[in-house]
Structures are given as C-alpha cells and as structure tokens.
Amino acid sequence: MRGQPPAPDAASPARSGTQAPTIKVLVVDDHAFFRRGLVSVLEEEPDIDVVGESGDADHAVRTAAHLVPDVVLMDVWMPGRSGIEACTAIKDTVPSAKIVMLTMSDEEDDLFEALKAGATGYLLKEISVDELPGAVRAIASGQSFITPSMATKLISEFTALARKDGARSRRTPVPHLTERETEVLVRVARCLNNKEIADELFISEHTVKNHVRNILEKLQLHSRTEAAVYAVREKFLDDA
C-alpha cells in the first residue's frame with residue numbers, strides 16, 4: 001500500500017530504454033469532460049494504451065469483460081450502479097484487472113467498501129496529471145496506492161480495531177516471519193513503496209520484492225493492502 005505516487009521525473013520504461021508490455025487501461029467516469037481529460041493525459045504515454053472508456057458502471061462491466069484491461073480507473077459515485085458495485089462485478093469477470101477508485105469521495109465508508117470489493121487502490125481526484133501515469137505503472141506492476149489522507153484514515157481505523165481486541169489472544173498460530181520479513185512488513189503497513197523500503201533497510205528493490213512475495217505466501221494474503229491490515233491487526237506496528 002502506498003500513499004504518494006512516484007515523482008513525475010521517475011524513469012518510465014520508454015525513458016529508460018527498456019521495452020515493457022503496454023498497459024491497457026479502461027477509464028470510467030460519468031463526467032465526460034473529466035473522463036476525456038484522463039484519456040488525453042494517459043494517451044501521451046507510449047507504454048499506456050487507453051483501450052476504452054465508459055460513462056456508467058453497467059457499460060464499464062461489459063466493456064471490461066470484452067477488452068480485459070490491465071488497469072481500470074473508476075469513479076465511486078455514478079448514476080445507477082455505483083463504481084464499488086461495478087468493481088465487484090469486474091473482479092468476478094476479469095480477476096486479473098487491477099481496479100483503482102479515482103474519486104472526489106473522501107468518505108471512510110467508500111474507502112473500506114472499495115477495498116472489500118477488490119479495489120487495488122483509492123486515489124482522490126486531487127492527484128496531479130504528472131503523477132497519474134506513474135501511479136498507473138506502479139498499479140499495473142502490482143503495487144497498491146491510497147491517497148495519503150485516506151491511508152491515514154485506513155491505518156487509524158484498523159489501529160483502533162486492533163486496540164479493542166488487545167486483550168484477546170490469537171486463536172491460531174502466527175506464521176513465522178524472519179526478522180527481515182518483519183521489518184519489510186512494518187514498512188509496507190506504513191505505506192512505503194519498494195524503493196523507500198530498500199533505502200531504509202539498505203537492500204535492493206529486488207530483494208524487497210522477494211520479501212513481500214514471501215510475506216504474502218506465508219500469511220496467505222493477496223495484496224500489500226491486506227498485508228498492511230494484517231500488520232496493524234496483529235500489532236506489528238506497536239512493537240516496531
């Protein structure tokens with residue numbers, strides 16, 4: 001889970017001279033002007049292909065099933081079916097799609113419902129046009145993004161829940177994590193990305209990726225967001 005997308009001058013595959021698969025993106029927003037703006041920004045990137053756009057949730061579900069995008073940028077509030085309901089439907093039909101809610105809604109309930117529906121991230125529309133392509137690339141590569149202010153709410157909420165259960169002993173044995181894996185997990189829960197974790201622990205980004213993969217396998221989790229929630233619930237941050 002990550003609060004702040006990469007800096008706009010971070011090297012993209014095109015700038016670094018390496019060849020990477022094109023990222024297929026579906027843009028879903030009922031406001032045509034805003035939607036077209038997103039499309040225009042993303043179409044400037046050589047490694048991002050906007051394969052479709054939708055103005056309502058039902059059309060988005062059908063379009064996603066047909067186009068099988070890598071990333072779906074979708075608003076929460078839309079006429080009729082909500083973006084969160086569409087998120088659930090798209091994950092059912094295109095499990096590989098990474099769905100990011102891009103919205104004006106800073107309501108905690110919308111954030112929690114989006115994550116439960118399978119969203120990979122939650123970005124407020126205050127994100128700058130320079131940051132958006134980098135966020136899309138990171139999301140496509142498997143990272144989870146949450147706008148900093150919303151990440152704070154998420155961590156605060158789960159910290160409160162963890163404290164309520166503070167006196168309750170664990171019902172099942174906690175899978176063994178190495179000391180280094182525990183250090184990485186704590187930093188994932190603090191919303192650091194792989195580079196920041198690598199810098200803090202003086203290891204390579206590749207090593208961080210391996211640790212994150214091992215953590216998810218050991219804990220039987222599916223994403224960095226789930227790992228962050230686990231770390232809060234099991235009080236890893238309290239011991240850090």
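Predicted model: local features only at pLDDT ≥ 70, side-chain atom pairs only at ≥ 80, totals over all residues.
Strands of a sheet pair through backbone hydrogen bonds, in either a parallel or an antiparallel manner. Here, five strands form an open sheet in the order E2-E1-E3-E4-E5, and their pairing is parallel. Strand E2 (48-54) and strand E5 (121-124) stand at the edges; each has a single partner strand, so one side of each is left without a neighbour in the sheet. From one strand to the next, the twist averages 20°.

Strand E1 (residues 23-28) and strand E3 (residues 71-74) run parallel and are joined by four bridges. Within this region, Val28 stands opposite Met74 in E3. Helix H2 (residues 32-43) packs on the sheet, where it touches E1, E2, E3 and strand E4 (98-103). The direction of H2 makes about 165° with that of E2. Helix H3 (residues 57-67) lies across E1 and E2 and runs at about 145° to E2.

Attention now turns to helix H10 (residues 205-219). At 1.5 Å a residue, its 15 residues should span 21 Å, and the end C-alpha atoms are 21 Å apart, which agrees. The buried residues of H10 are Val208, His211, Val212, Ile215, Leu216 and Leu219. Because these residues cover an arc of only 135° around the axis, they lie on the same side of H10. Their cover includes helix H8 (179-189), helix H9 (194-201) and helix H11 (224-233). The face of H10 turned away from its buried side carries the exposed residues His206 and Glu217. Just after H10, Gln220 adopts a positive phi of about 55°.

Conventions:
Residues numbered from 1 in each chain as written. Heavy atoms only, no water. Pairing = 2+ DSSP bridges. Helix = DSSP H or I, 4+ residues; strand = E, 2+ residues; numbered from the N terminus. Axes fitted to C-alpha atoms, helices over the stretch in contact; angles between N-to-C directions. Contact = heavy atoms within 4.5 Å. Expected span 1.5 Å × (residues − 1). Buried < 20%, exposed > 50% of the residue type's maximum accessible area, 1.4 Å probe, protein only. Arc of directions from axis to C-beta.
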